[in-house]
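Dear colleague,

I am passing the structure below to you for your records.

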Amino acid sequence: MANGKVAHRSKEDEQWQETKRLVSIRDKNMCVACRMLTPREYQAFMASRPIGIGMIQHAHIIPVGRDQGLTYDVDNVVCLCAAHHDRIDSMRDLVTGKAMKRSDQEHWWERIKKYAGIKKV
């Protein structure tokens, strides 16, 4: 807390904590990307030596910097392991870790949203 204000998306931000709680329930507190991969994709993902499997993070589909109004929208947040969160945010393929285009990133987000049951955003 700085200057008496609650830091955005901090532990003191009750709205963010509630958003994370609801998303964790919906996603069973598991990485949506890991769960949606086919067996062949998951095997290739593991062969790429990902770092951060099992460390669950709450990822924004539409980045907060692009639309702050979606910060607390549960349909704009999903549970991802740190490996998948890092890869999708840094434009690297979720399976191979190799560079990808914006259209590939959008394709991955569509698969993630579909698997998580997210209709909007």
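**Salt bridges**

The side chains of arginine 92 and aspartate 86 meet in a salt bridge, with 2.2 Å from N to O. Please note that this is a predicted model. Arginine 92 is partly exposed, its relative accessible area being 27%, and aspartate 86 also counts as partly exposed, at 41% relative accessibility. As background, side chains of opposite charge can pair when their charged atoms come close.

The count of salt bridges comes to 6. Among them is the bridge between the side chains of arginine 26 and aspartate 27, at 2.8 Å from N to O. Here arginine 26 is partly exposed, with a relative accessible area of 25%, whereas aspartate 27 is buried, with a value of 2%.

Another one of the salt bridges joins the side chains of aspartate 73 and lysine 120, at 3.6 Å from N to O. This pair links distant parts of the chain, 47 residues apart: aspartate 73 lies in the loop between β1 and β2, and lysine 120 lies in the segment after α5. Aspartate 73 has a relative accessible area of 17% and is therefore buried, the limit being under 20%. Lysine 120, in turn, is partly exposed, with a relative accessible area of 47%.

**The aromatic pair**

How many aromatic pairs does the model contain? The count comes to 1 aromatic pair. The rings of tyrosine 42 and phenylalanine 45 have their centres 6.0 Å apart, and their planes stand at 55°, so the pair is tilted. Planes would have to be over 60 degrees apart to count as edge-to-face, and under 30 degrees to count as stacked.

Both tyrosine 42 and phenylalanine 45 belong to helix α3, which covers residues 39-47, and they are 3 residues apart, about one turn of the helix. Are these two residues buried or exposed? Tyrosine 42 is partly exposed, with a relative accessible area of 32%, while phenylalanine 45 counts as buried, at 0% relative accessibility.

**A nonpolar patch on the surface**

Tyr42 also takes part in a nonpolar patch on the surface, which it forms with Met46 and Ile53. Together these residues have about 240 Å² of accessible area. Methionine 46 is found in helix α3 and is partly exposed, with a relative accessible area of 38%.

Arginine 49 is placed in the loop between α3 and β1, the latter covering residues 56-60. At 72% relative accessibility, arginine 49 counts as exposed. From arginine 49 to methionine 91 the separation is 42 residues in sequence and 17 Å in space, C-alpha to C-alpha.

**The largest nonpolar core**

The largest nonpolar core has 22 residues, of which Val78, Leu80, Ile88, Trp108, Trp109 and Ile112 touch the most other members. At least two residues of this core come from each of α2 (32-36), β2 (77-81), α4 (82-89) and α5 (102-116).

Which residues does isoleucine 112 contact, leaving aside its neighbours within four places in sequence? They are Val32, Ala33, Met36, Val78, Leu80, Ile88 and Leu94.

With kind regards

Conventions
Residues are numbered from 1 along each chain as its sequence is written. This is a predicted model: local features need pLDDT of at least 70, side-chain atom pairs count only at pLDDT 80 or more; totals for chains, interfaces and linings use all residues. Side-chain values use heavy atoms; hydrogens and water are left out. Rings of Phe, Tyr and Trp (its six-membered ring) pair if their centres lie within 6.5 Å; planes under 30 degrees apart count as stacked, over 60 as edge-to-face and the rest as tilted. Helices (H or I, at least four residues) and strands (E, at least two) are DSSP runs, numbered from the N terminus. Buried means under 20% relative accessible area, exposed over 50%, partly exposed in between (1.4 Å probe, protein chains only). A nonpolar core is a set of buried Ala, Val, Leu, Ile, Met, Phe, Trp, Tyr and Cys residues joined through side-chain atoms within 4.5 Å. Contact means heavy atoms within 4.5 Å. Patches are made of residues with over 30% relative accessible area and no salt bridge: like charges are joined within 9 Å, nonpolar side chains (Val, Leu, Ile, Met, Phe, Trp, Tyr) within 5 Å. Accessible areas come from the Shrake-Rupley method with a 1.4 Å probe; for residues, only the protein chains shown count as cover. A salt bridge is a side-chain nitrogen of Lys or Arg within 4 Å of a carboxyl oxygen of Asp or Glu.
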